[in-house]
Amino acid sequence: MINVAILGYGTVGSGVYKIINENNSHISRRAGDEVKVKYVLDLRDFPGDPVEKVLVHDVDIIMNDKDVDVVVEVMGGVEPAYTFVKRALESGKSACTSNKELVAKHGAELLGIAQEKSVNFFFEASVGGGIPIIRPLIECLTVDHIEEIQGIMNGTTNYILTKMEDEGADFDTVLKDAQDKGYAEKNPEADIEGFDACRKIAILASLAYEKQVDFEDIYTEGITKITTQDFDYMKKINASIKLLGIAGKADGKRYAIVAPFVVYKDNPLYNVKDVFNAILVKGDMLGDVMFYGKGAGSLPTASAVVSDVVDAVKRHGYTAKIHWSTEKRDIVDAGSIATQNFVRVSGDKAAISSKIEASFGQVEYIESDKSSGEVAFITKVLSGREYEKAAEGFDVISRIRVSK
Ligand code: HSE
C-alpha cells in the first residue's frame with residue numbers, strides 16, 4: 001500500500017484527490033502497488049465533501065507518519081510549500097508538486113535533498129499543466145543538446161490575446177471576460193505581467209542547461225501594452241502576437257526571455273489558441289518537437305501530478321537522475337538579445353521615413369488603412385541595445401520583438 005498526502009485542497013489538490021479515487025485500480029496497476037490518499041491538508045473545512053474523512057489541519061500529522069510515502073504539494077507559493085516539501089524529503093518521503101514558484105526557486109536544492117535521501121522530487125505539472133514536458137526533456141531528449149525552447153506557457157494570456165485577435169476586443173474587456181470565466185485570477189498580475197511564464201521558462205532553461213537559471217535574471221515583459229491596433233497590422237503580415245518564453249543560445253551565449261512576440265504563420269505556435277499551451281523544443285540531432293495541450297485547469301494539471309506519484313512509486317528506493325545543479329548559469333541581459341522588431345512610431349511616412357531608415361537601417365513598412373499619423377515597420381535583426389539606440393528621438397507607440 002502506498003499512502004499519499006495531498007497538501008492543499010484547491011483547484012489542483014481536489015483534482016488529484018478525484019483522480020486517485022476515480023482511476024484507482026488503473027493507477028494502482030500502473031504503479032505496481034495500491035495507491036491511497038491517506039491525508040489531505042488544508043486550513044479550511046469542507047462540510048459534506050468526502051474529503052472530510054482524510055482532512056487534517058496539522059502538517060505534523062503527515063510529516064510524523066512513517067506510513068506516508070508520497071507528499072503531493074499543490075498549495076502554490078514559495079512558503080510554506082518550501083518548508084513542507086523539504087521536511088517531507090528529509091523525512092524520506094518522495095514529493096511531487098505543480099508549484100512553479102517553488103520549483104523555479106528551490107528545484108535544484110530539493111533535487112539534491114531527494115538524492116541524499118534516495119527518494120524522488122518530481123514536478124511535471126509545474127510547466128505546461130497537463131502537457132508532458134519535464135519528463136520528455138530529462139528522459140527522452142537525453143541525446144540532444146537543447147538549442148532552443150520556445151513556448152506559450154500561460155493559458156490566461158493566450159486566451160486574452162486570442163480574443164483580442166479574433167474579436168477585436170480591447171485588453172481590459174477581454175481580461176474582465178477571462179476573470180468572469182475563471183481563467184484569470186482576481187489579481188491577474190502574475191499572468192499578464194509574464195511572471196508565471198518567467199518561472200516556467202526558468203525551470204525549463206535550468207533543465208536544458210543543467211544549472212540554475214535564476215528567474216530574476218530573465219527579462220520579463222507582459223501583454224498589458226498590446227492593443228487591437230497591433231493585431232490589425234498582424235493581419236497584414238500573416239502573423240499573430242503570442243506571449244513567449246524563450247531559452248536559447250546565440251553567439252555561444254545563453255539567453256532567456258519572456259515577452260510578447262510577433263509569430264508568423266509558418267511557426268507551429270501560430271495556431272495555438274485560447275487557453276492552450278505549446279512548447280517547441282529544438283534539439284541539435286532531433287530538430288523540432290512540439291508539446292501541445294491544456295496548460296492549466298484542475299484535472300489536466302492533476303493528471304500530471306498523479307503521473308509523478310506513479311513514477312515515484314515505481315522508482316521506490318532509488319532517485320531518478322535529474323541534471324540540475326545549484327551552480328548558477330549566467331545568461332545575457334536583454335540588451336544582448338538580438339531580434340527583428342515590429343515598431344510603430346508617430347508621424348507621417350513621407351516626413352519621417354528617411355529618419356527611420358537613417359536610424360534603423362533597412363526596414364520593411366507595413367501599410368494599414370486603419371491607422372493614420374503613424375508608421376509601422378519591421379526592423380532588421382538588432383540587439384536590444386542597438387534597438388534602444390535606434391529608437392532614440394522617436395515617439396514609439398509600440399515595439400514587439402519578432403520570433404525567429
Ligand atoms: N495561471 C496559469 C495559466 C495557470 O494561466 O497558465 C497554470 O500555471
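**Packing, sheets and cysteines in the predicted model**

D311 touches F122, R135 and E139, where contact denotes heavy atoms within 4.5 Å and residues up to four places away in sequence are not counted. This aspartate lies in helix α12 (residues 298–314), helices being DSSP runs of H or I of at least four residues and strands runs of E of at least two, each numbered from the N terminus. With a relative accessible area of 8%, D311 is buried, a term applied under 20% relative accessible area, whereas exposed applies over 50% and partly exposed in between (1.4 Å probe, protein chains only).

The model is predicted, and local features therefore need pLDDT of at least 70 and side-chain atom pairs pLDDT 80 or more, while totals for chains, interfaces and linings use all residues. Residues are numbered from 1 along each chain as its sequence is written, and side-chain values use heavy atoms, with hydrogens and water left out.

The largest nonpolar core has 107 residues, of which F121 and I149 touch the most other members; such a core is a set of buried Ala, Val, Leu, Ile, Met, Phe, Trp, Tyr and Cys residues joined through side-chain atoms within 4.5 Å. Helix α10 (residues 195–209) supplies the largest share of this core, with 10 residues.

Helix α7 (residues 155–167) has 13 residues and reaches 18 Å from its first C-alpha to its last, close to the 18 Å expected at 1.5 Å a residue, the expected span being 1.5 Å times one less than the number of residues. Because 11 of the 13 residues of α7 are buried, the helix is largely enclosed by the rest of the structure. The buried residues of α7, among them Y159, K163 and E165, pack against β7 (146–152), α8 (171–180), α9 (189–192), α11 (228–236), β10 (239–250) and β12 (276–283). At the start of α7, a side-chain oxygen of N154 reaches to within 3.3 Å of the backbone nitrogen of T156, and just after the helix G168 takes a positive phi of about 65°.

Strand β2 (residues 35–41) runs parallel to β3 and is joined to it by 2 bridges, with L41 standing opposite V56 in β3.

Strand β19 (residues 396–402) is largely enclosed by the rest of the structure, because 5 of its 7 residues are buried. It is joined by 6 bridges to the antiparallel strand β15 (residues 338–346), where V345 stands opposite V396, and by 2 bridges to the parallel strand β11 (residues 253–264), where F261 has R401 as its bridge partner.

A search of the whole structure finds 0 disulfides, defined as pairs of cysteine sulfur atoms within 2.5 Å. The sulfur of C140 is 18 Å from the closest cysteine sulfur, in C96, which is too far for a bond. C140 counts as exposed at 55% relative accessibility, whereas C198 is buried, with a relative accessible area of 3%.

Key: Pairing = 2+ DSSP bridges. Polar contact = N/O pair within 3.5 Å; in protein donor to acceptor, adjacent residues only side chain to side chain.
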